[in-house]
Amino acid sequence: MREKGRLRPEELEALLNGEVADPFVWLGIHDVRSGSDPAVVIRVLMPGAAKVTVLDGCGAGSMDIPMRDERGFFELVTPGSQPPNPYRIRAVFPGKIESTFYDAYSFWPVLTEYDLYLFNEGKHHEIYKTLGAQVMEHQGIEGTLFAIWAPTARRVSVVGDFNQWDGRRLRLRSRGSSGVWELFVPHVHSGALYKFEVLTTDNVLLLKSDPYGFRFEQRPKTASVVHDLGGFVWSDQAWIEKRSRTRALVKPMAIYEVHAGSWRRRAEEGGRWLSYRELADELIPYVKDMGFTHIQFMPLAEHPFDGSWGYQVTGYYGATSRFGPPEDLMFLVDACHRAELGVLLDWVPAHFPKDPHALEFFDGSHLYEHADPRKGHHRDWDTLIFNYGRNEVKNFLVANALFWLDRFHFDGLRVDAVASMLYLDYSRSEGDWIPNRYGGRENLEAIDFLKEFNTLVCERFPGVVTVAEESTAWPGVTRPVHLGGLGFLFKWNMGWMHDMLRFMQTDPIFRRYHMNNLTFALLYAFHENFMLPLSHDEVVHGKSSLLQKMPGDDWQKFANLRLLFGYMYAEPGKKILFMGGEFGQRKEWDHDGALEWGLLQYESHRGLQRFVRELNRLYVAEPALHQRDFEPAGFEWIDFKDADATVVAFIRRALDPEEMLLFAFNFTPVPRTGYRIGAPKPGHYRILVDSDDRRFGGSGYAQGTEVCADALPWHGQPYSLDLTLPPLGMLALKPRCED
């Protein structure tokens, strides 16, 4: 037993210098005598305080605690016994400023050994309910639990506007080999600003935002904000139940890709962003009117740099504060569900930025990233790569995916840059990458992570979709995990996008020589469950807008763009169109400004918009266009060999093989009168869509609304149709059911 229970000088120096991993060993109230004369020692570390009084600490009323060290250490040995409950302290600061509060060092730990075990095993899939800043009641007192993973730190403190950002005051306790630090701080509630102050083994002080923070200050500020996410009342239970019974593979998915900061802006208010609630008021009616079935938001997790479009995330568990609090994003998703719209979110587990307040070198070591730049540095984006082989890092990411589905009710996650995760040599030269343990280029840890992510999403959230943005020929991206695949439900068909745009950008005179770009995707169309994207990546960095990519004069540009959209909607695969493409945005997309909505004063742009609306209507209404996207039996070529005329035709079939649509496309500005294509059935065929219709800005060249099949075999079909194909146009035809 120490003499009179006081700390020895060397112990005091260790405490004041931050060399004590568990400050609870010495701070707070401790028994120091045994037998018939019980006594306690009360120790308080309160830098800056002139006087400290314990108000109800040991049953003897209030007592002043003498200052033992001018650096803010107070210590008192007194008769009494250790109280069973937390006790209050009153501190007086210069200027007679008083503050009364419960001593944080009088509370028991909150995290259980099971929590820590699961986390270290990488299996705590709701870790977002444990680490970070958790508003709660503990031992009858309201406050916030601060908990963080920093295994190599010498000391971790929580600093904020509740302790004058002084890292000496609220030092977290180490939970041993788990690497987790925690402290329940009474009186700290939602809205408080905070960060973690980390003292490294090299005696460097780091100031870090909370990796698990639910809310952050708006850039350029970087503090985390204590926030209780439990207050929103959802009204989408019917949608969630319906979703759990839905087979997405056979349902229509016409996705409108949106960058929330630039869809629209308030020009009259300095060009400010729309809030989440304003997006609910304006975006949802627009998307419904256009006939899309889903909205896909580019990343909405907190990020400091607008120019990253959200893909360089610093706050993985925080909805960006640009557009309002997290509850307003919940309101937006809830409103989408009430309007029968699905909502997908871009999710970025492939890399993270080097911002010093965020994950990089978090505790003075390469904690979240690989230490070796050959494995931990993305050359393309100058960002860092997660160490997927570390259990706690994998836990951080897997739980993050589940978090967005659990707390925000998103219907799907589109995973960015999957190809960069799968290959150790992605975008690297010889000698600039480290082979796996078998000598190969596959990132085995990332593969295991993706499989676990997809498995858990499927198990915990039936009906939710996962989508891979993956640009290589990696096999089995959309094959179930139990069959050896990665487990995604869909994969973006990047090859189709690039080939199709290359073909459409070619002058129609020369398209006859590039028909392979038009038809090649059908050779592998059923190897994966593909989505056909015309995404944001194709309208930035000098690539120009979709409309401006098209060759010819203005009339031909619009006709070509209608032809491109018509071909995309007719081909097998779910559909994705980036905002602005639907009405012919002329300028390249600018994340710092709104779309060119003023263009809709012109009939050509309104006509294109009507055409996209009509395509969405047709796509949703016709089972042949979505029920068998991933079955060869759902698609049949009529003819793809007429390079001289640059015309192709094909059939789409529904689960009922008698339910079908025929499509014919003329990729030249030359009308084709008397052009014959094969047909599988006799009778009359209605023309459901003609992209050259005057309503859409076309010339109105084609025949009426119906054509009758002749008993003349053609293209291997028993019947044929004599068509007039409009210039740069497409026709969608359907056999009349009464025939």
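1. Burial first: a residue is buried under 20% relative accessible area, exposed over 50%, and partly exposed in between (1.4 Å probe, protein chains only). Of the 739 residues of the chain, 62% count as buried. The C-alpha trace spans about 110 × 60 × 45 Å along its principal axes.

2. On provenance: this is a predicted model, where local features need pLDDT of at least 70, side-chain atom pairs count only at pLDDT 80 or more, and totals for chains, interfaces and linings use all residues. Residues are numbered from 1 along each chain as its sequence is written, and side-chain values use heavy atoms, with hydrogens and water left out.

3. Secondary structure: the chain has 14 helices and 38 strands. These are DSSP runs numbered from the N terminus: helices are H or I with at least four residues, strands E with at least two.

4. Pairing requires at least two DSSP bridges between two strands. β5 and β6 (residues 73-79) pair in the antiparallel sense over 2 bridges. Met-67 has Phe-74 in β6 as its bridge partner.

5. Now the β9-β10 hairpin. Strands β9 (residues 132-138) and β10 (residues 141-149) run antiparallel and are joined by 7 bridges. Gly-132 stands opposite Ala-147 in β10. The hairpin has 2 residues between the strands, and Gln-139 takes a positive phi near 55°.

6. Surface patch: Ile-509, Phe-510 and Tyr-513 make a nonpolar patch of about 380 Å². Patch residues have over 30% relative accessible area and no salt bridge; like charges are joined within 9 Å, nonpolar side chains (Val, Leu, Ile, Met, Phe, Trp, Tyr) within 5 Å. A salt bridge here is a side-chain nitrogen of Lys or Arg within 4 Å of a carboxyl oxygen of Asp or Glu. Tyr-513 lies in the loop between α10 (494-505) and α11 (515-519). Tyr-513 counts as exposed because its relative accessibility is 59%.

7. Cysteines: how many disulfides are there? The count is 0, with a disulfide taken as a pair of cysteine sulfur atoms within 2.5 Å. Cys-458 counts as exposed at 56% relative accessibility. Cys-708, at 37%, counts as partly exposed.

Terms used:
Accessible areas come from the Shrake-Rupley method with a 1.4 Å probe; for residues, only the protein chains shown count as cover.
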